[in-house]
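Look at the sequence and the structure before reading on.

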Amino acid sequence: MLYGRLLGVTAALALVGSVIVSASASANPIRMPTVSDEIARQKAIVAAHQALTPPAPPCPENGMLPEPFSNCGLPEAPATTLPYPTNMAYWGGHVQVTPKVYIVYFGWGEPGAFPTSDRCKAQTLSEGALTARLKCDPEGAGARMADFVQQMGGTGWAGVSTQFTQTGSGGQVEHITNPSDVLAGIWADNTNPADLSKTSAEGEPGPANTYSDLAAEAARAARHFHVKDLANANFVIAQPQQFSDPNAYSSGYCAFHDYTQPGLEHGIYNGITAGIAYTN
């Protein structure tokens, strides 16, 4: 929990024309709200504007755990825009300690990917030694994604992750690192059909299932980039506006992470290489 500090201001300077005016100013404490107060306030907002704040969505993993647990393994709580008011729990699973991010622009150059093709602006992405050509990037979002990931490694902002650990195979504690070269690859894939709008979270495993389709593209990306260290690789499947995951709107999420586990999750990842971490 962060607590605000008392902020004091002894003088204010205002420039009026060419005259500098000095005036004293009073100070008031600025404090962060408590979690309980903020949850209560936001619940009131939700009650008044239910349609504006959807409930916390289920996780992509469908039906793995019995009630009252959600598919993530913990009871779901209302979405309040705040972190869950407890410490993060570690259940002993694998953690990416030397993370690498691979961005896949899935179908950005395919016909119908964006609603107004006349606004398409081609972008040549160049991030160090990495390059890719986007046939259509009307708002420049694709370029910004690559720029962000290229620059975030080694920063204090990304360094927050170094407080988290995993237990190594020998029982030793291994901290997540904060390497400067997080971006490991960018790829504009306009060869494989990318229209996820025709898929469903409830569809049978295969091309009609949204999660099967996303994971299949992540597996193709792993082959495209010749990734040897899957344990530390994260494949970001970035979708164009018209082809994006249709379940997001109905369930209320904007993104999720998952991990391919053939034989589990009702078989949605059967036939796909195990151990691929991807971001929708």
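## Confidence

A contact means heavy atoms within 4.5 Å. Residues 60–71 also stay under 50 in pLDDT, with 25 contacts beyond four places in sequence. Where pLDDT is low, the predicted coordinates should not be read in detail. For the protein, the average pLDDT is 79, and 69% of the residues score at least 70.

This is a predicted model, in which local features need pLDDT of at least 70 and side-chain atom pairs count only at pLDDT 80 or more, while totals for chains, interfaces and linings use all residues. Residues are numbered from 1 along each chain as its sequence is written, and side-chain values use heavy atoms, leaving out hydrogens and water.

## Strands β3 and β8

Helices (H or I, at least four residues) and strands (E, at least two) are DSSP runs, numbered from the N terminus. Strand β3 (residues 100–106) runs parallel to β8, and six bridges join them; two strands pair if DSSP finds at least two bridges between them. Ile 103 has Ile 186 in β8 as its bridge partner.

Of the seven residues in β8 (residues 183–189), five are buried, where buried means under 20% relative accessible area, exposed over 50% and partly exposed in between (1.4 Å probe, protein chains only).

Methods
pLDDT = per-residue confidence, 0-100.
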